[in-house]
Amino acid sequence: MLKYLKFSLAPLTIVTAIFFALLGGNYIWYFFIGFSSFIVIGDIIFGEDNSVDEYKYPLFLNLMLYLNLPLLVVLISVMISVIDSQSVTSFIGYCLTIGLMLGAFAVNVGHELTHRKNKKLDMFFGNWLQALCWDNVFAIEHVYGHHKHVGLFEDAATARRDEGILKFIVRSTFNEYKNAFQIEKNRLRRKEKSFFCIKNKFIIGISRSIIISLIIYFIGSSTALLCYLISAFISKILLETINYVEHYGLVRAKGRPVRARHSWNSNTFISSAFTFNLTRHSAHHEKAHLPYWKLKPYTEAPKMPFGYLATFFIALLFPWLYRKIMAKKLKDWDENYASDAEKQIIANSIS
């Protein structure tokens, strides 16, 4: 039973966030600090989860994904109802909290679901979760771009060695939209359809986010809309920082298959449970078609220096320290993981 219940932590966390959001004032800060601390410290206390379990009830595991959309809508609705009466300090707390919830449970869950390209229900939930974050083209570029080009110089979401986090966020975001535009344009051309047709996923994605923003403005206020847009921006920073640490400095020879060594992996129990095994990133990139509960820990893959959230905070807040830590990790990767062709790519980039 525990192997199922651990994946209920995400929706239960949003329910808790809703409760603290209703209380208003500094209570929203208590939740934000408490939740962030629990993840970072929990990864240390509970250690790794290298279990490989069999699951007979995928309906429950999928339900834990679907619940995130209505719960996040409720959380945003609570924000709309209370934000006009909050202080500036509390306003910042709501932005950070909702941004963290969107980044952890909208972007990530949407990522899981939009990989299921042939399942309409999953794509519905996944696309609207992404739209909540104003990350409306992720399902196009990530699935058809990043997974194809991971580790290559042209990949938008693979951070290069010594690339600063801010430079990466700008480059990755710009190229995500540019690549998604081109991918969708090419798809429609193959189907002999105009780019400006009702089947255009690029335009549909952006339209979803615009619709959400307009609804928030009309049923709430300009303050509520500002809080929401800042929260969506924060969730985007969280996503791109996670992208940054998942593949930082890794390379792959063009035309060669994606292997476990092309992602930084992490098997910490708490982060794995809260992110639906996103931490098992090496397995996800090697077998992207698998649902999250079938991903294996790949203990032989290169490992992140810390748990997901701890690594995230270090990379975002102390980028110089992160690059220093990763310089040692990359040296080990070059010596013990890289193929001969990849070693040549690294040598050419240094010379």
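Helices here (H or I, at least four residues) and strands (E, at least two) are DSSP runs, numbered from the N terminus. The model is predicted, so that local features need pLDDT of at least 70 and side-chain atom pairs count only at pLDDT 80 or more, while totals for chains, interfaces and linings use all residues. Residues are numbered from 1 along each chain as its sequence is written, and side-chain values use heavy atoms, with hydrogens and water left out.

Two packed helices are described by the angle between their axes and the distance between the axes. Helix H3 (residues 27-46) packs against helix H6 (residues 88-114) at an angle of about 40°, and their axes are 8 Å apart; axes are lines fitted to C-alpha atoms, for helices over the stretch in contact, and angles run from 0 to 180 degrees between N-to-C directions. H3 and H6 are therefore oblique to each other, given that angles under 35 degrees count as roughly parallel, over 145 as roughly antiparallel, 65 to 115 as roughly perpendicular and the rest as oblique. The crossing of H3 and H6 is left-handed, a term used if the near helix is turned anticlockwise from the far one by less than a right angle. In this contact (heavy atoms within 4.5 Å), H3 contributes Ile28, Trp29, Phe31, Phe32, Phe35 and Ser36, whereas the H6 side includes Ile92, Leu96, Leu100, Met101 and Phe105. The residues of the contact of H3 with H6 comprise 11 nonpolar, 5 polar and no charged, where Ala, Val, Leu, Ile, Met, Phe, Trp, Tyr, Cys and Pro count as nonpolar, Asp, Glu, Lys and Arg as charged, and the others, Gly among them, as polar.

On a 1 Å grid over the protein atoms alone, a cavity is a set of points where a 1.4 Å probe fits but cannot get out, and a pocket is an open set with protein on both sides within 12 Å along at least five of seven lines, lining residues having an atom within 4 Å of a point. Grid points are joined across faces, edges and corners, and a volume is the space filled by probe spheres set on the points.

The largest pocket has a volume of about 810 Å³, and of its 30 lining residues Ile140, Tyr144, Glu184, Arg187 and Lys201 are the closest to its centre. Helix H8 gives the largest share of this lining, 8 residues, and the lining as a whole divides into 9 nonpolar, 10 polar and 11 charged residues. The second largest pocket holds about 470 Å³ of space; among the 25 residues that line this pocket, Arg160, Arg161, Gly249, Val251 and Ser349 are the closest to its centre. Its largest share, 5 residues, comes from H15, and its lining has 12 nonpolar, 4 polar and 9 charged residues.

The structure also holds 3 cavities of 30 Å³ or more. The largest cavity, with a volume of about 330 Å³, is lined by 24 residues, of which Leu238, Ile242, Thr275, Leu278 and Tyr308 lie nearest its centre. H3 and H6 return here, being among the helices that each supply at least two residues of that lining, and H6 gives the largest share, 7 residues. By class, the lining of the largest cavity has 15 nonpolar, 8 polar and 1 charged residues. The second largest cavity has a volume of about 70 Å³, and its lining divides into 4 nonpolar, 4 polar and 4 charged residues.
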